[in-house]
Amino acid sequence: MSLADALAKKSIWIVGGDGWAYDIGYGGLDHVLASGRNVNILVMDTEVYSNTGGQSSGDATVPGGQVRRRRQEPPKKDLGMMAMSYGNVYVAQIAMGASDAQTVRAFLEAESWDGPSIIIAYAHCIAHGINMAKGMDQQKLAADTGYWPLFRYDPRLKEQGKNPFQLDSRKPKAPLESYMYNENRFRMLQSSQPQAAEMLLNAAQQHVLERWHKYEELAKQEQRNAEHSKAIES
């Protein structure tokens, strides 16, 4: 009985923000994912460096969205896709306000996977310039517009001849501006430079749709690959 605490299964979680995960700490995060160890990572993604004034972080939104982003900057880094490239990492992108059931499922699957896992969670923030009481509504809008697609990648399904990539979001059903212009970080540009804001909004909308189609095609392709492998084995 005196050793009971030491013999219990340990659940190890590394929790950090987007600045750490995408930028200054990315090398360490990637090292953990590549290690194959049974370690869970939770990224609370606000897309801004809240503690230093709200600058856009390295994962900041689609082209030109925030006031501080320049026209020539590339789209947001796709951390989930990068993690999935290892093949043996459990990956999920969640937003509790969009689907609490998908959120709980992702945590249970990540915890039960005997290997590295990473969950990227949408986190609304006071630096977004929203009514924080409506944060969950804004999370839902992020998913409904396709800005924040929900998905899970479970390596165990591949071993079972099934599609490991599961796109949990439905096709975007709301225009991107209905999400973006609820937030000061986007609305400020609309007030100060309306023509530039309109141009960048159109580019952002196009990027969101292109990324959605990429995920949608990935879900279909993975399913075809799984069915092909199953046919060969049989």
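A crossover is right-handed if, with the strands pointing away from the viewer, the path from the first strand over the helix to the second runs clockwise. Helices (H or I, at least four residues) and strands (E, at least two) are DSSP runs, numbered from the N terminus. In this predicted model, local features need pLDDT of at least 70 and side-chain atom pairs count only at pLDDT 80 or more, while totals for chains, interfaces and linings use all residues. Residues are numbered from 1 along each chain as its sequence is written, and side-chain values use heavy atoms, without hydrogens and water.

Strand E5 (residues 90-94), helix H5 (residues 100-112) and E6 make a right-handed β-α-β unit. In strand E6 (residues 117-122), 6 of the 6 residues are buried, that is, under 20% relative accessible area with a 1.4 Å probe, protein chains only. Ser117, Ile119 and Ala121 point one way from E6, and Ile118, Ile120 and Tyr122 point the other way. In a regular strand the side chains alternate between the two faces of the sheet.

E6 pairs with two strands, where pairing requires at least two DSSP bridges.

Elsewhere, the charged end of Lys77 sits over the ring of Tyr26, 4.9 Å from its centre; the criterion is NZ of Lys or CZ of Arg within 6 Å of the ring centre and within 35 degrees of the ring normal.

How values were computed:
Buried means under 20% relative accessible area, exposed over 50%, partly exposed in between (1.4 Å probe, protein chains only).
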